Amino acid sequence: FLIVFQDLLWSCFISTALCNAGFAFTEEPSERAGKSDGYCGRILRAQGTRKEGYNEFRLRVEGDPENYQPGSTYRVTLYASSPAYFRGFTLIALREGREGDKEDDYAGNFQIIDEEDTQFMINCPPAVTESTPRRRTRIQVFWTAPPSASGCVTLKASIVQKRIIYFQDEGSLTKRMCEKESLYGETTEKPLLDCCACGTAKYRVTFHGNWSEKVHPKDYPRRANHWSAIIGASHSKNYVLWEYGGYASEGIKKVAELGSPVSMEEEIRQKGDDVLTVIKMKAQWPAWQPLNVRAAPSAEFSVDRTRHLMSFLTMLGPSPDWNVGLSAEDLCTKECGWAQRVVQDMIPWDAGTDNGVTYESPNKPTVPQEKIRPLTSLDHPQSPFYDPEGGAITPVARVVVERIARKGEQCNVVPDNVDDIVADIAQEEKEEGLCLSLPLSPLCVPVSPQLWSTCTMSEWITWSPCSMSCGMGLRSRERYVKQFPDDGSVCTLPTEENEKCIVNEECTPNSCLVTEWGEWDSCSATCGLGMKRRERMVKMPPPDGSICGAEVLEVEKCMMPECHTIPCMLSPWSDWSDCSVTCGKGMRTRQRVLKSPVELGECTEDLEQVEKCMLPECPTDCMVSEWTEWSECNKSCGKGHMIRTRMVKLEPQFGGDLCPETVQRKKCKIRKCNRGGGQGQVNSDEKKRRKEAREKRRSKQGGFDSHYLQYDLCCKMRPWSNWTDCTKLCGGGIQERLMTAKRRLKSAQLPSCKDRKEIRACNVHPC
């Protein structure tokens, strides 16, 4: 019935006659129908009745957003609340106010997640439907939002349940979303095909990682968390570093799995004129620290009319192949200018090269490689971002891109605002008392220092010794940034200060003349307290030829940001070894090596892991018990037989040896049967002839023992009785049956007329 029903349902989208026969579909005037028959119009005009308040079926977009980000990808779920279910469905996305008569009426693109569950409708390519008609409670697809300026979009679903079709223009089976407005109104959501801006612009990109145990507590890797070195570029539209729906290059794979930017940088530099600036930032260990301890990493880059896009990525470590980054962020505006500021919150994405579902999942390559896609809260119950309600993932990072200068002739000559003016001249005007000449105004407006910096500085360290051993010289002191501005910009307050100094000693004739001190060497430590040195030379020794007593080497302490040691830097796990057995249960191992210097402290992480492994079961031979004692002979005289049994203790498994026989018989003869004197002796030849006849009949009956069916000439026997109940339920028992004489002739004393008994084994299976 179900198959016939499905055929009838889809026929409804083609033939109104079938629809009128089977379902309550409404049909619009023929001229309208004729217009839409060529596309998906009939699907949209299918209508079914539903009860008030019927909310067993629901269409949901992950995170329940009210607005969509142009070009972003969302997970769309259609599900039924228990105990409801549905057999078929149709899912479409329409521009608001459109009828669905033509291809342009549809917004965005669906992507199939499970081809066994969903497919694109043959007669209506933008629509998604079921692959096979069966009972189901949930389906999921990806939907990529349309480009900017597409307006509002309505996602609609229809449900087929038994003979009823539910379709809504509003309510739980409809989701309306409008385009999300840009925060700054200048950047385009998708790369412009051609940039009309003039000159060049210089930008600073700052990466703020907020992936921490406080924000993302589930399974947070406390000891090994970090961001890998950031790698990216400003580039043209002809080069794509990475994008959703694309495949990761070898360079992307190395960043995603190992955190190594080397191959990625080689790929970028091979693009020649398509790349203007290579963007690089150092790795961050641990992943998060307060800004007063460690500044957010930043880098500067330039863009021009042909290379106006910016992309970068960094690995979330440890992880299978998870990253964050920007892809082809366009900094050229529609007004032929350069975007002033871009802020983006970032969620992780999967590079499609490893199947792991947790931060520290073992390496398991994805074969074949899958497309790059954003992680969602419904990917896997073991995922650290899993949410059974399907909510949005909390961002793990924020990136701020700020314009710091424009060079060359600009097409957009009207400054955006005072802040924009400051940003443009900041690189050219450094002297104190800076003022701004506003357009069309003769006034000079002083610039408040708060426009330049709102960072917090440490106290100055002590002054260095004077540069001269006598007379007038110079001395210096330093400080460091404790807290950077909240907006991620770079602090512009000075970190070094110099002043003149006078030594209270007159320079005597035997004093030597020395040069000015050279530049300080780099601090000997990368964090915490270290030492630095500088040197000077003797220009003129003392006139008396004595040794110059002036210091020519100076060493002093230097302060770097607080140290946070990395206890363990480990290589990826090796592949698992072969199982220790060839069948059944065994063990296997894998190793990794310590890569961090010993000076950073002892590493307590395991360098070897052992786990159980299972191969096909080992063959198990049949096992039987010992033989029982022989039973009594089944005849009181003459020739009979005895039996003995044994039970099966273990059945053969997985190709083991079969069980041997469990019942054995052997002949027995207690005594000769006496033949009465009144009965004449049967001729020995006659007895021999009868025996041969019995053997012949037995062979014709396929081995059936006809010995017990013979009828003696001297008496009439009753048929065999039914077998008695087995003496045991399992483990081998015995059954008996009897044959009694029905009529005895005068020769009743003959042994052949006595009652007979037969014994057999039963229930020989193990208990």
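# Close-up views of a predicted model

**Figure 1. Packing of helix α6.** The buried residues of helix α6 pack against β14 (230–235), α5 (250–258), β15 (275–281) and β17 (309–317). The structure shown here and in the following views is a predicted model. Helix α6 covers residues 262–269, and its buried residues are Ser 263, Met 264, Glu 265, Glu 267 and Ile 268. An α-helix has 3.6 residues a turn, so residues three or four places apart point the same way.

Figure 2. Pro 286 is found in the loop between β15 and β16 (298–303).

**Figure 3. Positive phi at Asp 219 and Ala 328.** Asp 219 is not a glycine, yet its phi is positive, near 55 degrees. This residue sits in the loop between β12 (200–209) and β13 (226–227). Asp 219 is partly exposed, with a relative accessible area of 48%. Ala 328, likewise not a glycine, has a positive phi of about 50 degrees. Ala 328 is placed in strand β18.

**Figure 4. An open antiparallel sheet of 4 strands.** The strands follow the order β16-β12-β22-β19, with antiparallel pairing. At the edges are β16 and β19 (341–346), each of which pairs on one side only. From one strand to the next, the twist averages 20 degrees. Strand β19 runs antiparallel to β22 (residues 397–407), and 6 bridges join the two. Within this pairing, Asp 345 has Arg 398 of β22 as its bridge partner. Strands of a sheet pair through backbone hydrogen bonds, either parallel or antiparallel.

**Figure 5. The salt bridge between Arg 75 and Asp 379.** The structure holds 27 salt bridges. In one of them, the side chains of Arg 75 and Asp 379 meet at 2.6 Å, N to O. Because Arg 75 lies in strand β3 (residues 73–80) and Asp 379 in the loop between β21 (373–374) and β22, the pair ties together parts that are 304 residues apart in sequence. Arg 75 counts as buried, at 6% relative accessibility, whereas Asp 379 is partly exposed, with a relative accessible area of 25%.

**Figure 6. The salt bridge between Arg 176 and Glu 96.** The two side chains meet at 2.4 Å, N to O. Distant parts of the chain are linked by this pair: Arg 176 is in strand β11 (residues 174–179) and Glu 96 is in the loop between β4 (88–95) and β5 (109–112), 80 residues apart. Arg 176 is partly exposed, at a relative accessible area of 48%. Glu 96 also counts as partly exposed, at 41% relative accessibility.

**Figure 7. The salt bridge between Glu 499 and Arg 475, and a salt-bridge network.** The closest N and O atoms of Glu 499 and Arg 475 are 2.5 Å apart. Glu 499 lies in strand β28 (residues 496–503) and Arg 475 in strand β26 (residues 471–478), so the pair ties together parts that are 24 residues apart in sequence. Both residues are partly exposed: Glu 499 has a relative accessible area of 28%, and Arg 475 has one of 27%.

Key
Residues numbered from 1 in each chain as written. Predicted model: local features only at pLDDT ≥ 70, side-chain atom pairs only at ≥ 80, totals over all residues. Heavy atoms only, no water. Buried < 20%, exposed > 50% of the residue type's maximum accessible area, 1.4 Å probe, protein only. Contact = heavy atoms within 4.5 Å. Pairing = 2+ DSSP bridges. Axes fitted to C-alpha atoms, helices over the stretch in contact; angles between N-to-C directions. Salt bridge = Lys/Arg side-chain N within 4 Å of Asp/Glu carboxyl O.
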